[in-house]
Amino acid sequence: MTAAISIDVLIIGGGIAGLWTLARLRREGYRCVLLERLALGAGQTIASQGIIHGGVKYALGSSGHTDASRAIARMPEIWRRCLRGEGEVDLRSARVLSEHQYLWTSPGILGKLGGLGATLAMRADVRRVESDGRPPIFRDAPRSVGVYEVDEPVLDGWSVVEALAAAQGAWCLRPASVRRVDVRRSDDGRVETVSVHTGTTLGGVEFRARGVVCAAGEGNAELRAHFGEPISLMPQTRPLHMVMMRGAPGPLFAHCVGASTLPHLTITSGRDRSGAWVWYVGGAIAEDQGVARDEHEQVSAARRAIGEMLGWIDLDGCAFATCRWNRAEGVPASQSGVRRPEGPTVERSGFGNVVYVWPTKLAFAPLAAERVHAELHRAGVHPGGGADEAIDLPAMLEHAPIGPRPWEGRMVVSEDGTPKIQDVRWSSDRSATQA
Ligand SMILES: Cc1cc2nc3c(=O)[nH]c(=O)nc-3n(C[C@H](O)[C@H](O)[C@H](O)COP(=O)(O)OP(=O)(O)OC[C@H]3O[C@@H](n4cnc5c(N)ncnc54)[C@H](O)[C@@H]3O)c2cc1C
């Protein structure tokens, strides 16, 4: 049995790109459904460090403003407006974990920002903070450690997804399982229907849509192959091997900087269900060499680095685990080498009514959604009304739940095609893995 749902736009993928686009299109009057295969935010979005970059990280080590730093400079204010309830999406219930991101210098480089000093000293959004104004973690730091405050908020990614789902959740759906997906096109190649079949007695559903938005992050590569689309953007992934440290002495939201263009460590924080602080550690340590390390080596490297750069902190009693994530991005086929695109990438297929989106950064979600809307408009996909009408759920669809935080587990597809949460394995004895 196959049910039919008629809409203006089908959005595939429930990360920040899909959710923000859904909110933006519904506001314009489009009747939409967002289809998520695991859980909302369960890809990169909840796994992100939640920093709403304003460009400081991109200016590190450069002698002036880059294209990326110019493009991203507007983002913190756009997000702040949404957090106040004055923007295009309502994020009033999302949690701001820290109003500012901090930079600190490791004791080894004598409190100077090395080669970065000239760049950062010129920025109005970076201020040196003296002992009283420093975050509590730096109270016992040697005087040689410099601490700087950056005008970039850090958000709890999970609560951002929850805030978006609170308003849009009725249109965010998840199939019980997926056995087969069929696409039917019109004579001129435009996609007319996308059907999802469970291969069980629950049957399937056919979405009749005038436009399709692929916002599936890493899954966009598979969708592109599935739709057989002629587009010039190539999906690329850049892996990260993140470290989680449970039982940290308190919250920290900071980059440890040196002379390199990448912070040595970028630490953000959250609480686990028992209320214990978890440090979520990225930065250079999670990139190339960190990706090549196995879990045990990565935990040892992180312990060593935290010991060197925050030597006054006691790590006894902390438990460690690691998790691997791929940053999924779209790049022009002409780009050589794997590097981060300057901003969000959005492209419409050669056949006309399928739009692919990769925001590149959580921070870029508003700009990505604006460009998706413009592409749909150009493709002649306009609002048909009924944006707020409820969707009649066939048996094989349910409202999509929200994914876990990285330290609570990871969503995967089990062998029978249904989504499940895989536990994190913690270790306090210098070895740890994620199952
Ligand atoms: C460890 C890490 C830290 C980061 N930190 C920051 C940060 O501090 N600040 C910042 O601005 N950016 C950060 N980023 C980047 C940011 O997280 C991403 O750019 C952003 O979340 C991408 O959003 P997305 O919606 O495109 O993808 P995703 O969040 O990956 O969402 C894609 C969704 O599509 C679903 N999906 C996949 N295939 C299918 C399919 N076939 N059918 C249906 N659904 C499907 C997935 O389950 C997933 O829910 C970080 C990224 C990582 C990995």
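## Histidine 373 and its surroundings

Leaving out neighbours within four places in sequence, histidine 373 is in contact (heavy atoms within 4.5 Å) with Arg24, Leu25, Glu28 and Tyr30. The residue sits in helix α11; helices here are DSSP runs of H or I with at least four residues, strands are runs of E with at least two, and both are numbered from the N terminus. With a relative accessible area of 14%, histidine 373 is buried, where buried means under 20% relative accessible area, exposed means over 50% and partly exposed is in between (1.4 Å probe, protein chains only). Histidine 373 is also 351 residues away from leucine 22 in sequence, yet their C-alpha atoms are 9.9 Å apart in space.

A quick word on provenance: this is a predicted model, in which local features need pLDDT of at least 70 and side-chain atom pairs count only at pLDDT 80 or more, while totals for chains, interfaces and linings use all residues. Residues are numbered from 1 along each chain as its sequence is written, and side-chain values use heavy atoms, with hydrogens and water left out.

## Helix α11 and its two partners

What angle do α1 and α11 make where they pack? Helix α1 (residues 16-27) and helix α11 (residues 365-378) sit at about 55°, with their axes 9 Å apart. Axes are lines fitted to C-alpha atoms, for helices over the stretch in contact, and angles run from 0 to 180 degrees between N-to-C directions. The pair is therefore oblique; under 35 degrees counts as roughly parallel, over 145 as roughly antiparallel, 65 to 115 as roughly perpendicular and the rest as oblique. The crossing of α1 and α11 is right-handed, a term for the near helix being turned clockwise from the far one by less than a right angle, with left-handed for anticlockwise. On the α1 side, the contact uses Ile16, Trp20, Thr21, Arg24 and Leu25, and on the α11 side Ala365, Pro366, Ala369, Glu370, Val372, His373 and Leu376. Sorted by class, that contact has 8 nonpolar, 2 polar and 2 charged residues. For the classes, Ala, Val, Leu, Ile, Met, Phe, Trp, Tyr, Cys and Pro count as nonpolar, Asp, Glu, Lys and Arg as charged, and the others, Gly among them, as polar.

Helix α5 (residues 75-83) also meets α11: their axes come within 9 Å and cross at roughly 85°. That makes α5 and α11 roughly perpendicular to each other. Met75, Ile78 and Trp79 of α5 make this contact with Ala365, Pro366 and Leu367 of α11. By class there are 6 nonpolar residues in it, and no polar or charged ones.

## The open sheet

An open sheet of 8 strands runs in the order β5-β6-β4-β13-β14-β15-β12-β16, with mixed pairing; two strands pair if DSSP finds at least two bridges between them. β5 (126-128) and β16 stand at the edges with a single partner strand each, so one side of each has no neighbour in the sheet. On average, and ignoring direction, neighbouring strands of this sheet are turned by 25° against each other. Helix α10 (residues 295-309) packs on the sheet, touching β4, β12, β13, β14, β15 and β16, and its direction makes about 100° with that of β16.

Strand β12 (residues 233-246) pairs with β16 (residues 319-332) in the antiparallel sense over 14 bridges, and glutamine 236 stands opposite glutamate 329 in β16. β12 also pairs with β15 (residues 277-282), antiparallel over 4 bridges; there, valine 243 has valine 281 of β15 as its bridge partner.

## Strand β13, covered on both faces

Strand β13 (residues 254-257) has Ala254 and Cys256 on one side and His255 and Val257 on the other, all of them buried. β4 (residues 101-105) pairs with β13 in the parallel sense over 4 bridges, with tyrosine 102 bridging to alanine 254 in β13. β14 (residues 265-271) pairs with β13 in the antiparallel sense over 3 bridges, and threonine 266 in β14 is the bridge partner of histidine 255.

## Asparagine 220 and the overall picture

Is asparagine 220 buried or exposed? At 0% relative accessibility, asparagine 220 counts as buried. It is found in helix α8 (residues 220-227) and, not counting residues up to four places away in sequence, touches Cys214, Ala215, Tyr356, Val357 and Trp358.

Zooming out, the protein has 11 helices and 23 strands, and buried residues make up 58% of its 435 residues. Among contacts between residues at least 6 apart in sequence, 71% join residues at least 24 apart.
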